[in-house]
Amino acid sequence: MSTETTATAVHETKLSARGRKAIIAGGIGNAVEWVDWAVYTTFSSIFAHHFFPPGDPVAALLATLAIFAVGFVMRPVGAAVMGTYADRHGRKKGLVLTIGMMAGATAIIGFAPTYESVGILAPIILVIARMIQGFSAGGEFGSSSAFLVESAAPKRRAFAGSWQQVSVGAGVLIASGMGAIITSTLSPEALDSWGWRLAFIVAALLGLVGLWLRSSVEETDSFTTAKAQAEASTEQRRNSLFTMFVKHPKAALRVFGITIAGTLLYYMWVSYMPTYAAVATGIPLNQALTANFIAVGVFLVLLPFAGILSDRIGRKPTMSAFAGGFLLFSWPAFALLNGNFWMLLLIELIGIVLLLGYSANCAVIMAEQFPPEVRATGIGLPYALAVAIFGGTAPYITTWMNTNGYGGLVWVYCAVAAAIGLVVYLTMPETKGKALD
């Protein structure tokens, strides 16, 4: 092999020092943003009754989960606004802005007054804070995915993109760990009065760390080059949202389809399973959170290796394995939930391994659909729409089904999503090896 060929191969597979710094800073910043997002779900069953009229704890939990869904409704708005901002002004500026909003909204929830103190104003404050969080999270995914994939070596894009989900999972892991520690060490009275607030305040402080890290990274070459070309061109630079709909509608629709199964099953297994298991089977919440903590830890360790596998064999086979596996696993997963810690842990672990096929690929395959001038918007908006429709409603729907006698059919809900995903993944074009501008 010639020296030139060897150098080319190294360039295509080895991350530069700048790329490694981008992954570290971007990943840590993304993780602390998702701590802020996930801590709401982790503690929802504890603080729910504080924000609504007393009397019916199930109704309070459902109302709190409805506000959880409201946050998802704001995600497409945030994706459209912040994606357009990141495509015009840079990934770095977009990421700094989103984490600042997330930390501020989390602090508001931590200090929010209760229904007993201020009446109807309490749930209004909770809704507004969750809307800000949703807006921030909507802008986060497209910008962070574009930033990580654009910072990668050509043949390590899935590996680099997998760190977007590693950092999301790390955020959920930290939130679950906080939940396990706080619920295990505090008395029920302390947990109910101030323990849940401590979790939100710590999460907000972590957001400030992420803000500092994101302020220290450089902009990607892909965005810088695209911006320079646009400034040198005599053509007027169009809004990236308009460009996405006019020039890339098939790619946007494909991103939406790719997200359906992944987001629903991800939120069921990674974010909501502890609360669902506690409500459906009576397992103590601290045990359910501990099982979730262990499973997410395994998920984080395996994700980069799943990204390397995708870089070697392709996006289609790894994503199809995820959807096909859940199509087969959905029924036994819910049928075997029985309130036993070890059974819950086994179910969590199997689902987590299957989720690797989606989570290692989602950032890279979405980034590979679009040119840089529309990439953050193209990734963020279709993804956020699918997440709002299928991810944000999953906790509410499954809790409602369980409390109204339809708990035995939750597996059908998950299996249908997996079947839709399998069709999308088997029919989409393979983008491994595609040139990324």
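**Close-up views of the predicted model**

View 1. Gly314, which follows H12, has a positive phi, near 115 degrees. In this predicted model, H12 itself covers residues 285-313. Its 29 residues reach 40 Å from the first C-alpha to the last, close to the 42 Å expected at 1.5 Å a residue. Within H12, a kink of about 35 degrees lies at Leu302, shortly before the proline Pro304.

**View 2. The largest nonpolar core and the surroundings of Phe334.** This core has 85 residues, of which Trp269, Phe334, Leu355, Met366 and Tyr425 touch the most other members. Helix H11 (residues 249-281) supplies the largest share of the core, 16 residues. Beyond its neighbours within four places in sequence, Phe334 is in contact with Met268, Trp269, Met273, Tyr276, Val410, Trp411 and Cys414. A second, separate core comprises 25 residues, including Ile67, Leu191, Trp196 and Ala203.

**View 3. The enclosed helix H16.** Helix H16 (residues 375-391) has end C-alpha atoms 22 Å apart, which agrees with the 24 Å that its 17 residues should span at 1.5 Å a residue. Because 14 of the 17 residues are buried, H16 is largely enclosed by the rest of the structure.

**View 4. Confidence at the start of the chain.** The protein chain averages a pLDDT of 84, and 92% of the residues score at least 70. Among its elements, helix H14 (residues 341-359) has the highest mean pLDDT (94) and helix H1 (residues 3-13) the lowest (46). Over residues 1-11, pLDDT stays under 50, and the model has 3 contacts beyond four places in sequence for these residues. Where pLDDT is low, predicted coordinates should not be read in detail.

Terms used: Residues numbered from 1 in each chain as written. Predicted model: local features only at pLDDT ≥ 70, side-chain atom pairs only at ≥ 80, totals over all residues. Heavy atoms only, no water. Helix = DSSP H or I, 4+ residues; strand = E, 2+ residues; numbered from the N terminus. Expected span 1.5 Å × (residues − 1). Bend = angle between axes of the 7 residues up to and from the residue. Core = buried A, V, L, I, M, F, W, Y, C linked by side-chain atoms within 4.5 Å. Buried < 20%, exposed > 50% of the residue type's maximum accessible area, 1.4 Å probe, protein only. Contact = heavy atoms within 4.5 Å. pLDDT = per-residue confidence, 0-100.
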